[in-house]
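Have the sequence and the 3D view side by side.

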Amino acid sequence: MLMSDRHRETLRSANEAAWDLVAAKYAPEVERDVALLRSGGSSLLAPERAALAPLLRACKCAVHLQCSHGADTLSLWGLGARQVIGLDFSAEMLMLARRKAELLGASATWVQADVLALPAALAGTADLVYTGKGALTWVFDLRAWAQGVVQLLAPGGHLYIYEGHPLNWIWAPDAAELRLRDEGDYFATTARVNVDFPGAFLERSASPGDAPARAFERQWGLGEVVSALAQAGLVLVRLTEHPEHFWPQFPRVPADQLQRLPHTFSLLMRRPAA
Ligand SMILES: C[S@@+](CC[C@H](N)C(=O)[O-])C[C@H]1O[C@@H](n2cnc3c(N)ncnc32)[C@H](O)[C@@H]1O
């Protein structure tokens, strides 16, 4: 279902305010992340590192979309990207990212922008666009998003996504076994309030008297994601579904049951050389 520009803007600004609030939760982790990166460590997961290592060896510029507090962005730099650009709409998150980069002396630039309205100055700058781990559900126009990704990429450049599998949306999060949540629908097309976020994440609230922060998400099927990118001009290199999670989303479900279904996917696509 198409969303009006006005409605999309209402949801976007609610989400921006929610993420700004949630940034306080990550502030105490700045020193820890810097120590990890300084010691040669990385916040990227093993499948991400394996896929990204060969791309980063020759990477002049990597752009991380929805970079949050920058740990993954700076991990791309640590793994070999000569320059990294992290983009997010949350000024508070970017402040944390900037602080980490300064402490590390990293070649990093931080851009505050909506992922659906990328600055024209970034067009064609990226050998690698990286995103995921909780990014796509905040995007309300997949077609515009995919077009933005393609515009960022230099000819021959790659997009790599490691993201929660859209099937995760249909399982009841608190159940002791995998069972459909009441409203679970893989094919749902509307944005909905995230009932767990930002409430459970907040360590500082908005000013007294303010309405509680609310955040809105939209699920996208695997076919929709790959098709939007292909229609925007990218070529599929590899799509993999993985049994691993990147966060404990179904804590009561036994591991042997979880492992029989995908919980994340990774997608590597390439912009054809000119
Ligand atoms: C779950 S976090 C992603 C974390 C990231 N994968 C990482 O670990 O580095 C989602 C991020 O998307 C950002 N975000 C959400 N909607 C956005 C939008 N429309 N434009 C730019 N950033 C957005 C939020 O501010 C937040 O930092």
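**From one bridge to the whole fold**

In β9, Ile161 finds its bridge partner, Leu267. The model is predicted: local features need pLDDT of at least 70, side-chain atom pairs count only at pLDDT 80 or more, and totals for chains, interfaces and linings use all residues. Residues are numbered from 1 along each chain as its sequence is written, and side-chain values use heavy atoms, with hydrogens and water left out.

That bridge belongs to a strand pair. Strand β5 (residues 153–164) and strand β9 (residues 264–270) run antiparallel and share 7 bridges. Strands pair if DSSP finds at least two bridges between them. Strands (E, at least two residues) and helices (H or I, at least four) are DSSP runs, numbered from the N terminus.

Now widen the view. The sheet is open and has 7 strands, in the order β3-β2-β1-β4-β5-β9-β8, with mixed pairing. β3 (108–112) and β8 (235–242) are the edges; each has a single partner strand, so one side of each lacks a neighbour in the sheet. From one strand to the next, the twist averages 15°.

Helices lie across this sheet. Helix α3 (residues 46–56) lies across β4 (126–132), β5, β8 and β9, at about 170° to β5. Helix α5 (residues 91–104) lies across β2 (83–88) and β3, at about 175° to β3. Axes are lines fitted to C-alpha atoms, for helices over the stretch in contact, and angles run from 0 to 180 degrees between N-to-C directions. Contact means heavy atoms within 4.5 Å.

α5 also packs on another helix. Two packed helices are described by the angle between their axes and the distance between the axes. For helix α1 (residues 5–26) and α5, the angle is about 30° and the axes are 7 Å apart. α1 contributes Trp19, Asp20, Val22, Ala23 and Tyr26, while α5 contributes Ala91, Glu92, Met93 and Leu96. By class, this contact has 7 nonpolar, no polar and 2 charged residues. Ala, Val, Leu, Ile, Met, Phe, Trp, Tyr, Cys and Pro count as nonpolar, Asp, Glu, Lys and Arg as charged, and the others, Gly among them, as polar.

Next, the ligand. Which of the 16 residues around the ligand come nearest? They are Gln66, Asp88, Asp114, Val115 and Gly132. A residue is near if one of its heavy atoms lies within 4 Å. The shell holds 6 nonpolar, 6 polar and 4 charged residues. Polar contacts (pairs of N or O atoms within 3.5 Å) come next. An N or O atom in the side chain of Asp88 is 2.6 Å from a ligand oxygen. A polar backbone atom of Phe89 is 3.2 Å from a ligand nitrogen. At Val115, a backbone N or O atom lies 2.9 Å from a nitrogen atom of the ligand. The protein covers 91% of the 610 Å² of accessible area that the ligand has on its own (Shrake-Rupley, 1.4 Å probe).

Finish in the loops. Ser68, between β1 (61–65) and α4 (71–78), has a positive phi of about 55° although it is not a glycine. Lys133, between β4 and α6 (142–152), is not a glycine either, yet its phi is positive, about 45°. Leu167 sits in the loop between β5 and β6 (192–193). Leaving aside neighbours within four places in sequence, Leu167 contacts Tyr186, Leu261 and Pro262.

Key: Polar contact = N/O pair within 3.5 Å; in protein donor to acceptor, adjacent residues only side chain to side chain.
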